[in-house]
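Subject: The structure we talked about

Hi there,

Here is the structure I promised to pass on.

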Amino acid sequence: MTKETHVFNRIRLTCAQTNQCSYLNWSSYFKLHVPEATVLKPLPRAFLDYLSGDSIRLPTTATVERNDENEYSDWEDEESESVNPLEHFQDFHQELKLIVDSYGKVLVKTNWTAGKDAKWILINNSLQCTSVNDVYLLLNASDHIAHDLDGHVYDECEDKEDGPHIEPELVVKKWINDFNPALEFRIFIKDKKILGVSQRDPGHYIYLEELIPQLKKSIKNFHSDVLSKLQFPLRDYILDVYLPRPYSKVFVIDVNPFLRKWDLLLFTWHELLEKENNGEFEIRVITETNMGHLSRKDNSESQVPIEVVGAANDSQAMVELAREWSALARQGEESHS
């Protein structure tokens, strides 16, 4: 007797589908449900080269660089002969600065990516930027942003070599006042039907369990009134949304390709893909019984000592900190020699 084997569900993705998840493309379908934002494109080549550099360089402040031997001991300040990186994209810098200043508080992302892995570098330990310097710090420090700008977003596409690729863009979103990360959720959609909804933040919020009926009602209404009637070309995608008090309005934060590289949070791919797609769905939040599932700190692989956070807004302090690290490294080498 032959034992039936499990068939692994294959998820296919093309470059064209990935491009539909680029901010300018998807946001046009959700005009009434997105926070205010300004998109800058095309991005100057000098600005992209600046972001791809190995150093964190801020306008009119210290320049932090490495020497040829990749050591921190020779990091120098602005008195060195290094060139201000903004000299080659001053017009773009001024435009970006005006937008940030007009909004006051912003969240900045590229076509697909926000630099969540680098929020440690800002003094508020969040993605909230209040100055153009905050924007540069976050973009420079984020591996996620670098991954996006280098075109790796197409790595999983079956036609990644010859499929259509689009140019990078910079999205400057007006920060949502009194933003509460507990009220951000990830919705998994297949064949334009909701498979499941998961809490995004890895914290335990006691009041969320009581809100599930209200949240589910609002998301169901959003699906029937908006998603099911939408002319958005993708049938399968992952939707990040925000439901502020009184939990009746749904704001769309991001649209991601329906792909295994995205975090399923409180679900697994197996249970989502094996689920009968009848439109009924479960909202999962972190409770006392499942706290271990998302107990890791968000982007914990990017966490750094508090001294770095303190130095992030002070370029001279960053230089001094680098020199201290280098001195400690030399002491360690001498003690083992």
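Below is what I found, going from the whole chain to single contacts.

First, some housekeeping. This is a predicted model, in which local features need pLDDT of at least 70 and side-chain atom pairs count only at pLDDT 80 or more, while totals for chains, interfaces and linings use all residues. Residues are numbered from 1 along each chain as its sequence is written, and side-chain values use heavy atoms, with hydrogens and water left out.

**The chain as a whole**

The protein chain has ten helices and eight strands; helices (H or I, at least four residues) and strands (E, at least two) are DSSP runs, numbered from the N terminus. Of its 337 residues, 46% count as buried. Here buried means under 20% relative accessible area, exposed means over 50%, and partly exposed is in between (1.4 Å probe, protein chains only). The accessible surface is about 17,900 Å², and carbon and sulfur atoms hold 48% of that; the areas come from the Shrake-Rupley method with a 1.4 Å probe, and for residues only the protein chains shown count as cover. Among contacts (heavy atoms within 4.5 Å) with a separation of 6 or more, 73% are between residues 24 or more positions apart.

**Two nonpolar cores**

A nonpolar core is a set of buried Ala, Val, Leu, Ile, Met, Phe, Trp, Tyr and Cys residues joined through side-chain atoms within 4.5 Å. The largest one has 53 residues, and Phe-30, Leu-239 and Val-255 have the most contacts inside it. At least two residues each come from helix 2 (23–27), strand 4, strand 5, helix 7, strand 6, strand 7 (251–257) and helix 8. Domain 1 (15–54 + 85–174) and domain 2 (181–293) both contribute residues, so this core lies between them; the domain bounds come from an automatic or database domain assignment.

A second, separate core has 34 residues, among them Leu-86, Ile-99, Ile-121 and Leu-138.

**Helix 5**

Leu-138 also belongs to the buried residues of helix 5. Nine of the ten residues in this helix (132–141) are buried, including Val-132, Tyr-136 and Asn-140. The buried residues pack against helix 3 (45–51), helix 4 (90–103), strand 2 (106–110), helix 6 (143–149) and strand 3 (170–174).

In the loop between strand 2 and helix 5 you will find Gln-128. Its relative accessibility is 15%, so Gln-128 counts as buried. Gln-128 touches Lys-105, Val-106, Leu-122 and Trp-175, not counting residues up to four places away in sequence.

**Strand 4 and its neighbours**

Strand 4 (residues 184–190) is largely enclosed by the rest of the structure, because six of its seven residues are buried. Strands pair if DSSP finds at least two bridges between them. Strand 4 runs antiparallel to strand 6 (residues 237–242), with six bridges joining the two; Phe-185 has Val-241 as its bridge partner there. Six bridges also join strand 4 to strand 5 (residues 193–199), again antiparallel, and here Ile-189 is partnered with Ile-194. The hairpin of strand 4 and strand 5 has two residues between the strands, and Asp-191 takes a positive phi near 55° in it.

**Salt bridges**

The structure holds eleven salt bridges, each being a side-chain nitrogen of Lys or Arg within 4 Å of a carboxyl oxygen of Asp or Glu. Some to look at:

- Lys-190 and Asp-236 meet at 3.5 Å, N to O. This pair links distant parts of the chain, 46 residues apart: Lys-190 is in strand 4, and Asp-236 is in the loop between helix 7 (208–225) and strand 6.
- Lys-220 pairs with Glu-280, with the closest N and O atoms 3.7 Å apart. Lys-220 lies in helix 7 and Glu-280 in the loop between helix 8 (269–273) and strand 8 (283–284), so the pair ties together parts 60 residues apart in sequence.
- Arg-284 pairs with Glu-271, with the closest N and O atoms 2.9 Å apart. Arg-284 is in strand 8 and Glu-271 in helix 8, so parts 13 residues apart in sequence are tied together.
- Glu-184, Arg-186, Arg-200 and Asp-240 are linked in a network of salt bridges.

Happy browsing, and write back with any questions!

Best wishes
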